[in-house]
Amino acid sequence: MAEQKMIFIGAKEAFIARVLIKKITDTGTECRFIPWTVSDISKNISGVSLIVLFMEDSEKPQDEVIHYLSDMMDEKEIRLVLVGEKADIQYVSEHISDGLVHATFTRPVDNTEFAKCITKYFKQVEDSEMKKSIMIVDDDPQYLTTVREWLKETYKVTMANSGLQAIKMLGKNKVDLILLDHEMPVTSGPQVLEMLRSDPETASIPVMFLTGKGDKESVMSVVALRPEGYFLKSIQKEELLTNLQEFFVLHR
């Protein structure tokens, strides 16, 4: 189960902030107030899944704090709830990367709706944690995006546009399956597979090749590398999803 931990940041811990924090802790989520400085946030960010940014009396955090939040949340997959006046919420939203703002609440805040929003968020996080994770490795950004769109409702999906980027990302986060482009420049799919299998940390991760060549000779050269399987890039969405489901059923 995902750890239900969040922080509530603001200029000062005002009365309404304490009320909202109490509402949050009553749901079983760990939450405490942190001043909105880069130093204080960085010291308290470990294990956090959600941040509430509370703005009162038209006070906003400094731009350096907003930029830090944007970069840090993007890296750690943390989301943000904004509380404040409409103009302040709009300002912060415009300076935060797309997709990082989970919800907004203009003041005065409906405490019950606020608590429901937090509970729903952590339920979504928990459901996401239970999904199998797949990494797609391909140098074609359009193909990467297409396959991600196909899979994102069913799986946790990460993308890498080169073999070396994939190796680096796997050093921080393991996945349940890698879909690996066979024909990549610089570091080819077979070379990436060799690197993965030579490292004890990644040797056991299943790999399936993606290939644009369906002739017998090309397919045999792919199969000879003994991956868990392979898919032609011409495969359609439903067939890919069905095959992946069958793979995970067989490898429970």
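**From a loop into a parallel sheet**

Author: Thr202 lies in the loop between helix H8 (189-198) and strand E9, where helices (H or I, at least four residues) and strands (E, at least two) are DSSP runs numbered from the N terminus. The model is a predicted one, in which local features need pLDDT of at least 70 and side-chain atom pairs count only at pLDDT 80 or more, whereas totals for chains, interfaces and linings use all residues. Residues are numbered from 1 along each chain as its sequence is written, and side-chain values use heavy atoms, with hydrogens and water left out.

Although it sits in a loop, Thr202 counts as buried because its relative accessible area is 7%; with a 1.4 Å probe and protein chains only, buried means under 20%, exposed over 50%, and partly exposed in between. Leaving aside residues up to four places away in sequence, Thr202 touches Leu170, Lys174, Met195 and Leu196, a contact being heavy atoms within 4.5 Å.

By contrast, Lys172 is 39 residues from Thr211 along the chain, and their C-alpha atoms are separated by 27 Å.

Strand E9 is part of an open sheet of five strands, with parallel pairing and the order E7-E6-E8-E9-E10; two strands pair if DSSP finds at least two bridges between them. Strand E7 (156-160) and strand E10 (229-232) are the edges of this sheet, each pairing on one side only. On average, and with direction ignored, neighbouring strands of the sheet are turned by 20° against each other. Between E9 and E10 the parallel pairing runs over four bridges, and Met208 stands opposite Gly229 in E10.

Helix H7 (residues 163-170) packs on the sheet, where it touches strand E6 (133-137), E7 and strand E8 (177-181), and its direction makes about 135° with that of E7. Such angles run from 0 to 180 degrees between N-to-C directions, the axes being lines fitted to C-alpha atoms, for helices over the stretch in contact. Helix H10 (residues 237-250) lies across E6, E8, E9 and E10 and runs at about 135° to E8. Lys237, in H10, is 88 residues from Glu149 along the chain, yet their C-alpha atoms are separated by 9.6 Å. Glu149 itself is placed in helix H6 (residues 141-151) and is partly exposed, with a relative accessible area of 38%.

As for the whole, the protein has ten helices and ten strands, and its C-alpha atoms fill a box of roughly 70 × 35 × 35 Å along the principal axes. Of its 252 residues, 42% count as buried. Among contacts with a separation of 6 or more, 62% join residues 24 or more positions apart.

A search of the whole structure finds one cavity of 30 Å³ or more, a cavity being a set of points on a 1 Å grid where a 1.4 Å probe fits but cannot get out, with lining residues having an atom within 4 Å of a point. The largest cavity has a volume of about 40 Å³, counted as the space filled by probe spheres set on the points, which are joined across faces, edges and corners. Its lining consists of Gly10, Ala11, Lys12, Trp36, Phe54, Met55, Glu56 and Glu59.

Terms used
On a 1 Å grid over the protein atoms alone, a cavity is a set of points where a 1.4 Å probe fits but cannot get out, and a pocket is an open set with protein on both sides within 12 Å along at least five of seven lines; lining residues have an atom within 4 Å of a point.
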